[in-house]
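Here's a quick briefing to read alongside the structure. Have a look at the model first, then work through the points below.

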Amino acid sequence: MAITVVTPTLNDVQWLADHAGGEGMVVSCYANTSVSPGVRPLWREHLKNEVKRIDETLADAPAARAEFHRNVAAIEAVLSSRRLASARGVAVIAASQRSLLWTYALASPVPNRLVVNEEPYLVPLLELLHRQRRYLVVHTDTHHGRLYTAVPGAVRLIEEISEEVPKRHRAAGELWGKQQATIARHREHHVLHYFKELATEIVRAWADDRYDGIVLLGEHEVLQEMRAHLPDHLVRRVVREAPHAWVGRQVSLESKIGALHEEALRAHDRQVLEDVKRRLMERHRIAIGPQAVIDAICSDDVGYHGRVVMEPDRGEVASRCTGCRSLFARVVDECPSCHGRCEKTNLWQAIALLAAGHHVSVHFVGSGQGLEKHSGVVALLTREERVMAPPERVLTAPLPERRA
Ligand SMILES: [Zn+2]
């Protein structure tokens, strides 16, 4: 079995979901391998305890038990590989009967988990992908600047520009009056020229790639002056601003971006939850509960500007038709529309994948934020005319026959 070490994309996760079918069990393991000073990583203990716990539940099924331990052995072999040393999180999905072993070295930490199921457990990867952001980072002072592309854990320099600016001060007594004023004017002229050039580069870089926002690093006064040269649509995309010393190693820049990213996500969480609360109160432009959310995604009522908001996975079961691929937020054996056979799947995973397939973003929030009263999931709808879908709409009930 070959081991591939890559950072997954949404396409990879969708591919995994579509191509992992087959006989036997799938064991999905997530390990938080990030190292922070003074904190001992706990994933080994967690894995050991989970293996023990699951082993006990399989006491009466020796074949399944043997299969489980074969998969665990494969996972442990991967986790001890040196090639994963730099990963902050690792995902290993093993299915010995299907001859499958997937490994993902992750740039961000994931909570420790061990899940045994008939399908790969992909919720942590989906959660990670939906929280990933790509930033255009601008680090500048009054005469030189650097542009970076940054995702959490990786920063890449894309452009460096500088302008010769006359020095502000000369030794006392050297220059007087008019001459000094001329130098100040020259200086202003050069700084202005530099900012214009920097703004042009930012506009170009923004158009070159798909970014979620702009991060500005530098002295506040300098950044204020620089912003004035940016077009409005880019000023609105600035997600964070922070001071940062000009001389610094890439490593410190990476951790800085990581911290700003966390801050931006927290601010975004608050904003989304306020929106959810308001719409729940107004009972307007919101789909409540799993089935209403599924229906809203399928009928394109969520759309690009809307989003699905979900609590942590509750491990609930959904059904997917093997014929027409319809998704039901409960256990269904036969599809009510095409009479195809339905197979069980994880509800949260199915909703997140369905959303991804419709280019709808999913926002994962912590528990205890007010969603628990609404089955843990809502969708913010784009369309004005759509009023709230009734919770848990029953799709299987036969429609009453229409009388002529
Ligand atoms: Zn069907």
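Let's start with Cys335, which sits in the loop between strand S14 (327–328) and strand S15 (342–346). Strands here are DSSP runs of E with at least two residues, helices are runs of H or I with at least four, and both are numbered from the N terminus. Keep in mind that this is a predicted model: local features need pLDDT of at least 70 and side-chain atom pairs count only at pLDDT 80 or more, while totals for chains, interfaces and linings use all residues. Residues are numbered from 1 along each chain as its sequence is written, and side-chain values use heavy atoms, with hydrogens and water left out.

**Around Cys335**
- Cys335 is buried, at a relative accessible area of 0%; buried means under 20%, exposed over 50% and partly exposed in between, using a 1.4 Å probe and protein chains only.
- Leaving aside residues up to four places away in sequence, Cys335 touches Cys321, Cys324, Phe328, Gly340 and Cys342, where contact means heavy atoms within 4.5 Å.
- Gly323 is twelve residues from Cys335 along the chain, and their C-alpha atoms are 8.2 Å apart.

**The zinc site**
- The zinc ion has the SG atoms of Cys321, Cys324, Cys335 and Cys338 as its protein donors, 2.2 to 2.3 Å away.
- Donors are N, O and S atoms within 2.8 Å of the metal (3.2 Å for Na, K and Ca), and water is not among the atoms, so sites may look incomplete.
- Along the chain, these donors follow the spacing C-x2-C-x10-C-x2-C.
- The site is tetrahedral, with angles of 93 to 118° among its four donor atoms; four donors count as tetrahedral if all angles lie between 85 and 135 degrees.
- Cys338 is partly exposed, with a relative accessible area of 35%.

**The five-stranded sheet**
- Five strands make an open, mixed sheet in the order S8-S7-S6-S9-S10; two strands pair if DSSP finds at least two bridges between them.
- Strand S8 (154–162) and S10 are the edge strands, each pairing on one side only.
- S6 and S9 pair in the parallel sense over five bridges, and Val138 stands opposite Leu216 in S9.

- In helix H6 (residues 220–227), the buried residues are Val222, Leu223 and Met226.
- They lie on the same side of H6 because they cover an arc of only 95° around the axis, taken from the directions from the helix axis to the C-beta atoms.
- These buried residues pack against strand S6 (135–140), helix H5 (177–208), strand S9 (213–217) and strand S10 (238–242).

Conventions:
Tetrahedral: all angles 85-135°; square planar, octahedral: opposite > 155°, others 65-115°.
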